[in-house]
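Here is my note on the model, point by point. Please read it with the structure open.

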Amino acid sequence: MVSRQSAGARVVSAACAALALSVSAPAIASTDNAPVKVGDVQKAMEALVKSGHVVGAIGEVYVNGRRVGKGSAGSRLLDGGGGVIPSTARYRIGSQTKNMTATVALQLVQSGKLKLDDKLSEVLPEVAEKDLVERADEITVRNLIQLSSGIPDFLTPEIDPLGSTITYRPVDLLAASRKQRRPSEIGTFNYSNTDYILLGMIIEKVTGHSLATELKQRIFTPLGMRATYLPIKAAEGIKGPHGHGYRKDETGKLLDADKLNATTMLGAGGVISTAHDISAFQRAFIQGRLLPDSLRKVINDPVPGQPSPPQGGPCMGKPAFQPRGGSAPGFVAATYTSPDGRLQFAVSVTVAMDDAERGAVAQRIDHALASVFCPATAAG
């Protein structure tokens, strides 16, 4: 379900030779008006698969909403099974979901139905009454959005998103979190998926609708994200042809991680989308079509204790990209967007490895972007 900033900067809880540019690559104006050539996305995906422990990789490049490059390598299933994955296939976007959940919450702030300084105990009194969140009378909506509540993560051995058909209620996830020691003070950055479970609960309380409904009505439908949805059933898998990821168990055996328990993900990391749709969202978000600048800053501006993303991204600013990433057992996904919102590079990688190894794959995704947009940087 993680990461909030960069696929390469943080995963779970988010170098090589340059690839050749295609001869017919279109020129794209970056934010500094320097031309940017789009390279061979297919070769970039092939390189990801060859880098090891990658089952399948798909990627697409969009300019002003128009696809200008695509690639698919590897296979749907382990050991070459199931054929290729269409570049248009659905995939889990992981913690890129958080950006969507935060957007809905901030739209409620914009309309006056919620305030950034509202206390958790005021908007969800039951979490204080049942002692599900420590210091709920001090934690604000702003703290939840900015991951600075100090609430522990619910992802513990007690709550495993893989292999369980138990339907967890949000209060069950809060109860698991409450058993953990507080990792940080309120106001200091600490990555916790529990914050976004709570945001989803707040959205449902304020609107009277499910989070899935609010995401659809406020984001998916207006932006034409027809293939995107938030699953809410424990054993609900990905609709249509898609890649399967795998995770090692304690004996080293690879387990199919395709059917992750959706009730452990929700607003923290549960959305299933496509390269086209997630590109449409990031384009609209960065271009200010979903929130005004003052409210987007609540999401984008770092808080105390939060590491700043590398300046300029994988291309060292030529062109610059703003990355969003996410992962969970079996996959890593990332979307990179230019500061003006015109350019997106969306990638999904299904893997077969330990959870702790996924960070290396995220760094390879960074390199894939560099190989497509800035081969000189990649070669260096």
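1. Which residues in H6 meet which residues in H7? Pro-170, Val-171, Leu-173, Leu-174 and Ser-177 in H6 meet Thr-194, Ile-197, Leu-198 and Met-201 in H7. Contact here means heavy atoms within 4.5 Å. By class, this contact has 7 nonpolar, 2 polar and no charged residues. Ala, Val, Leu, Ile, Met, Phe, Trp, Tyr, Cys and Pro count as nonpolar, Asp, Glu, Lys and Arg as charged, and the others, Gly among them, as polar.

2. A word on the basis. The model is predicted, with local features needing pLDDT of at least 70 and side-chain atom pairs pLDDT 80 or more, while totals for chains, interfaces and linings use all residues. Residues are numbered from 1 along each chain as its sequence is written, and side-chain values use heavy atoms, with hydrogens and water left out. Helices (H or I, at least four residues) and strands (E, at least two) are DSSP runs, numbered from the N terminus.

3. Geometry of the helix pair. The axes of H6 (residues 170-178) and H7 come within 10 Å and cross at roughly 150°. Axes are lines fitted to C-alpha atoms, for helices over the stretch in contact, with angles from 0 to 180 degrees between N-to-C directions. The crossing is left-handed (the near helix is turned anticlockwise from the far one by less than a right angle).

4. Helix H8 (residues 211-220). Its buried residues are Leu-211, Glu-214, Leu-215, Ile-219 and Phe-220. They fall within an arc of 155° seen down the axis, so they line one face of H8. The arc is taken from the directions from the helix axis to the C-beta atoms. Lys-216 and Gln-217 are exposed on the face turned away from the buried side. Buried means under 20% relative accessible area, exposed over 50% (1.4 Å probe, protein chains only). The cover over the buried residues includes H2 (96-110), H7 (194-207), H9 (266-269) and H10 (275-286).

5. Aromatic pairs. The whole structure has 4 (ring centres within 6.5 Å; planes under 30 degrees apart are stacked, over 60 edge-to-face, the rest tilted). Phe-345 and Phe-373 have centres 5.9 Å apart and planes at 80°, so this pair is edge-to-face. Phe-345 is in strand S11 and Phe-373 in helix H12, 28 residues apart. Phe-345 is buried at 0% relative accessibility, and Phe-373 at 5%. Phe-321, Tyr-336, Phe-345 and Phe-373 form one cluster.

6. Gly-341. This residue sits in the loop between S10 (331-337) and S11. Gly-341 is buried, at 0% relative accessibility. Arg-283 is 58 residues away in sequence, but 4.6 Å away C-alpha to C-alpha.

Terms used:
Rings of Phe, Tyr and Trp (its six-membered ring) pair if their centres lie within 6.5 Å; planes under 30 degrees apart count as stacked, over 60 as edge-to-face and the rest as tilted.
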